[in-house]
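Me: I am new to this one and would like to go through it slowly. Could you show it to me first?

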Amino acid sequence: MSSRCPCAEELPGSRLPIPLTAICDDFATGGQIPNFQHHISIFREKGIAVMMLVQSLSQLAAMYGNYGAVTIRDNTDNIVYLGGNDLDTADQISRRINKPVDEVLALPIGQEYLFRRGQKPLQLQRYQIYDDPLYQREILPNDVTRAQVMQ
């Protein structure tokens, strides 16, 4: 196990002193992370969290195989479903929320299903980041500046 997280293994308690969260956008469309399905099972105990954003569960299976995709999904504490057209993903979501597949496929834009380990699923209004005052004050001006520089 020490070869999976060598940085954490060398520290007191075999844990990172400051929790680390890696945000992996389009996780299942980039290159495969070797043995990720094995690593994910020990991340939590090492102080590491991974937020994976995937468009469909079939992409995850294509990248890591069915067994690897199930292992990754089973070691995920939070799943957010934003909607989509993949029937296999919609079928799995429908079974989790006990609703028909066509209702899952018709999830209104701006809505999402949130699944958290140990809690019942929730249907929520998606957070509107562009309306957030902090985003408007701190991030948006930098994005505008970058866009102006790129022109």
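Reply: One definition before we start: a residue counts as buried under 20% relative accessible area and as exposed over 50%, with partly exposed in between, using a 1.4 Å probe and protein chains only. This is a predicted model, in which local features need pLDDT of at least 70 and side-chain atom pairs count only at pLDDT 80 or more, while totals for chains, interfaces and linings use all residues. Residues are numbered from 1 along each chain as its sequence is written, and side-chain values use heavy atoms, with hydrogens and water left out.

Me: OK, how many helices and strands are in the protein chain?
Reply: There are 6 helices and 5 strands, where helices (H or I, at least four residues) and strands (E, at least two) are DSSP runs numbered from the N terminus. Read from the N terminus, the order of elements is α-β-α-β-α-β-α-α-β-β-α. Of the chain's 151 residues, 28% count as buried.

Me: In which sense do S1 and S2 pair?
Reply: Strand S1 (residues 20–24) and strand S2 (residues 48–52) run parallel, joined over 5 bridges; strands pair if DSSP finds at least two bridges between them. Leu-20 stands opposite Ile-48 in S2. Together with H2, the strands S1 and S2 make a right-handed β-α-β unit, right-handed meaning that, with the strands pointing away from the viewer, the path from the first strand over the helix to the second runs clockwise.

Me: And the open sheet, what is its strand order?
Reply: The order is S3-S4-S5, an open sheet of 3 strands with antiparallel pairing. S3 and strand S5 (122–125) are the edge strands, each pairing on one side only. S3 and S4 pair over 4 bridges, and Asn-78 stands opposite Arg-116 in S4.

Me: Which helix packs on that sheet?
Reply: Helix H4 (residues 87–97) does, touching S3 and S4, and its direction makes about 65° with that of S4. Contact here means heavy atoms within 4.5 Å, and axes are lines fitted to C-alpha atoms, for helices over the stretch in contact, with angles from 0 to 180 degrees between N-to-C directions.

Me: Switching topic, how many aromatic pairs are there?
Reply: The search of the whole structure gives 6, where rings of Phe, Tyr and Trp (its six-membered ring) pair if their centres lie within 6.5 Å, and planes under 30 degrees apart count as stacked, over 60 as edge-to-face and the rest as tilted. Phe-36 and Tyr-64 form a tilted pair, 6.2 Å centre to centre with 50° between the planes. Phe-36 lies in helix H2 (residues 36–43) and Tyr-64 in helix H3 (residues 57–74), so this pair ties together parts 28 residues apart in sequence.

Me: Are those two buried or exposed?
Reply: Phe-36 and Tyr-64 are both buried. Another pair, Tyr-81 with Tyr-113, is stacked, at 6.4 Å centre to centre and 15° between the planes. It links strand S3 (residues 78–81) with strand S4 (residues 111–116), its two residues being 32 apart. Tyr-81 is buried at a relative accessible area of 7%, and Tyr-113 is buried at 3%.

Me: Last one, where does Asn-98 lie?
Reply: Asn-98 is in the loop between H4 and helix H5 (101–105), and at 71% relative accessibility it counts as exposed. Although not a glycine, Asn-98 has a positive phi of about 60°.
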